[in-house]
Every structure is written in C-alpha cells, then in structure tokens.
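User: I would like to learn how to read several local features of a structural model. Please take them one at a time, giving the general idea and then the case at hand.

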Amino acid sequence: MAFEDLLEAPVVQKYLHELVGPKGMPVAVSPPDGEVTDEELAERLDLELNDVRRALFILYENDLATYRRVRDEDSGWLTYLWTFDYDNIPENLHEEMDRLLDALEDRREYELENEFYLCEVCSIRFEFGEAMDLGFECPECGSPVEAMENTDLVDAMEERIGNLRSDLGVKA
Ligand SMILES: [Zn+2]
C-alpha cells in the first residue's frame, strides 16, 4: 500500500487518533520527510509546543518516531531532531487487533458461561450469583430482576470476532 493511502485508511486514522488524541492528530497525520524539531512542527502546524511534544513522545513510545540529540555549539542547548518512521504501523495494528480478538473471545466465554438478570427500571445487569444474593431484587429501586437473554450480545460479538479473524487471517 502506498504511504499516503496507508495514512488515509480509516483503520490507521483511528489507530493514530487513539494513540495521540485529537490534539496530537495534526502531528500524527502529517509526518514530514526527514528530520524536524518540535518547534518547527509547532510553528508549521500552528500548535502548542507541549501538544507537539506529547504527540512525538507517544509516537516514539510506539516505535513510530525516533530522535537524535544535537548540541548547539553556541548556546550549548540540546535540540531534538525527530524522524517519523511509520513502517511499523501495519505490525502495530496487527498486534492491536490480536489483543482485541483475545479480549473479545474472553468476553464471549464470560457471556456464555454466566446467567444474567436485569433490572428493567435501572438497566442494571447482575450475574446469577449476585442476583441470588440480592434476593432477586434490584438494590437501587427494589424492583424484581428478571432473567435476561444475552444471545443478541453474543451473536454480535461472534460476528465481530469472525470479522477480526478474517482481517487477521486467523482460522476459526
Ligand atoms: Zn432497579
């Protein structure tokens, strides 16, 4: 996939947004060619320096940016020269999706292995054991709690799991 296409892919946009947040997005979606300082980026993108630094650091922690330090010979100050490296995005995404798949599968097991009771007034759900301890009465409003089907929820989860598996090329 061409680099520009990769950056525009909704799944990549979403991934970057989750990493750096809305304030960091201008930094994340316009990686410059070659090295750049945080101050140059802040000026170019008209952003607060702190927001730029925060975004850069998050990208660094996720192996999407590197830096090298250069000491200014006159002032003695250190300058950080940043390089964006988005080659790891596909691999990072793959790991994210793997984690999500594991979490979904655990959650599905939990849904399948438990019985649930619902207070329809408060929309609070209880596990069978909890509901029994409460004498099948909602602790908030005192209404009786009713056995609840979670088939729709499990079906929706299975559909998501199936989609994720096929995206990841995992066999069921
Ligand atoms: Zn209630």
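User: In which loop is asparagine 150 found?

Analyst: This is a predicted model, in which local features need pLDDT of at least 70 and side-chain atom pairs count only at pLDDT 80 or more, while totals for chains, interfaces and linings use all residues. Residues are numbered from 1 along each chain as its sequence is written, and side-chain values use heavy atoms, with hydrogens and water left out. Helices (H or I, at least four residues) and strands (E, at least two) are DSSP runs, numbered from the N terminus. On that basis, asparagine 150 is found in the loop between β5 (146-148) and α7 (151-168).

User: Is asparagine 150 buried or exposed, and which residues is it in contact with, leaving aside its neighbours within four places in sequence?

Analyst: Buried means under 20% relative accessible area, exposed over 50%, and partly exposed in between (1.4 Å probe, protein chains only). Asparagine 150 has a relative accessibility of 14% and so counts as buried. Contact means heavy atoms within 4.5 Å. With neighbours within four places in sequence left aside, asparagine 150 is in contact with Glu111, Phe116 and Arg125.

User: How is a pair of packed helices described, and at what angle do α2 and α5 pack?

Analyst: Two packed helices are described by the angle between their axes and by the distance between the axes. The axes are lines fitted to C-alpha atoms, for helices over the stretch in contact, and angles run from 0 to 180 degrees between N-to-C directions. Here, helix α2 (residues 10-28) and helix α5 (residues 89-113) pack at about 80°, with axes 11 Å apart. That makes α2 roughly perpendicular to α5; angles under 35 degrees count as roughly parallel, over 145 as roughly antiparallel, 65 to 115 as roughly perpendicular and the rest as oblique.

User: Which residues of α2 and α5 meet?

Analyst: Val11, Val12, Tyr15 and Leu16 of α2 meet Ile89, Asn92, Leu93 and Glu96 of α5. The residues of this contact divide into 6 nonpolar, 1 polar and 1 charged. In this scheme Ala, Val, Leu, Ile, Met, Phe, Trp, Tyr, Cys and Pro count as nonpolar, Asp, Glu, Lys and Arg as charged, and the others, Gly among them, as polar.

User: What are the protein donors of the zinc ion?

Analyst: Donors are N, O and S atoms within 2.8 Å of the metal (3.2 Å for Na, K and Ca); water is not among the atoms, so sites may look incomplete. The protein donors of the zinc ion are Cys119 (SG), Cys122 (SG), Cys138 (SG) and Cys141 (SG), at 2.2 to 2.4 Å from the ion. Along the chain these donors follow the spacing C-x2-C-x15-C-x2-C. Cysteine 119 is buried, at 0% relative accessible area, whereas cysteine 122 is partly exposed at 29%.

User: What is the geometry of the zinc site?

Analyst: Ideal angles at a metal are 109.5 degrees for four tetrahedral donors. The zinc site, with angles of 104 to 115° among its 4 donor atoms, is tetrahedral; four donors count as tetrahedral if all angles lie between 85 and 135 degrees.

User: Where does phenylalanine 136 lie, and what is its phi?

Analyst: Most residues other than glycine have a negative phi. Phenylalanine 136 has a positive phi, near 55°, and lies in the loop between α6 (128-133) and β5. This residue, phenylalanine 136, is partly exposed, with a relative accessible area of 28%. Aspartate 63 has a positive phi near 60° and is found in the loop between α4 (49-61) and β1 (65-71).

Key. Tetrahedral: all angles 85-135°; square planar, octahedral: opposite > 155°, others 65-115°.
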